[in-house]
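Please keep the model in view while reading.

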Amino acid sequence: MTLFLADEAATQAFARRFADALPQDINGWTVLLEGELGAGKSTFARAFLHALGHSGTVPSPTYTLVEPYQVPRGDVFHADLYRIASADELRYLGWSDFARGCRLIEWPDRVPGVADGADIRLQFDYRDAGRTARLTALSSRAADVVAQLDDSPNT
């Protein structure tokens, strides 16, 4: 499924629809956010977290590597792996502990194996003055989410 996102507001609206399409208990889900710098990954992540009930700021995890959030539907771990070079470095971050929550991962391609077992891949790309978001289900449970979004009138 591919969507055209004309501006930041469209990206935020899509993030809200995406959050609504996920099950009430988001623990155990892994969402991969891919795309070039400035393509919309962080904008999507902020809007997604706010849609899940987070009311505070959502800083980029570029320097902290992982930002944890507690929302009514579960825990969310927003990770930026751009500066990670190996799976060994993930162990020092407590990566295995994050599996209990929803992992929202920017730059998953930086560490081999991170995408294994993921549920959804969101690929953001530039298109004219806007962006595209290509949504791919990587698990059977995610296929239901993608189908629901594909059937929604706002796609």
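Thr-30 belongs to strand β2 (residues 30-35); helices (H or I, at least four residues) and strands (E, at least two) are DSSP runs, numbered from the N terminus. The model is predicted, so local features need pLDDT of at least 70 and side-chain atom pairs count only at pLDDT 80 or more, while totals for chains, interfaces and linings use all residues. Residues are numbered from 1 along each chain as its sequence is written, and side-chain values use heavy atoms, without hydrogens and water.

With a relative accessible area of 3%, Thr-30 is buried (buried means under 20% relative accessible area, exposed over 50%, partly exposed in between, with a 1.4 Å probe and protein chains only). Beyond its neighbours within four places in sequence, Thr-30 is in contact (heavy atoms within 4.5 Å) with Arg-103, Ile-105, Ala-118, Asp-119 and Ile-120.

Asp-119 is likewise buried, at 3%, and its side chain forms a salt bridge with that of Arg-141 (2.9 Å, N to O); the term denotes a side-chain nitrogen of Lys or Arg within 4 Å of a carboxyl oxygen of Asp or Glu. Because Asp-119 lies in the loop between β5 and β6 (120-127) and Arg-141 in helix α5 (residues 140-151), the pair ties together parts that are 22 residues apart in sequence. Arg-141 is partly exposed, at 35%.

The whole structure holds 5 salt bridges. Another of them joins Asp-88 and Arg-91 (2.2 Å, N to O), which are 3 residues apart in helix α3 (residues 87-93), about one helical turn. Here Asp-88 is partly exposed, at 41%, and Arg-91 is exposed, at 60%.
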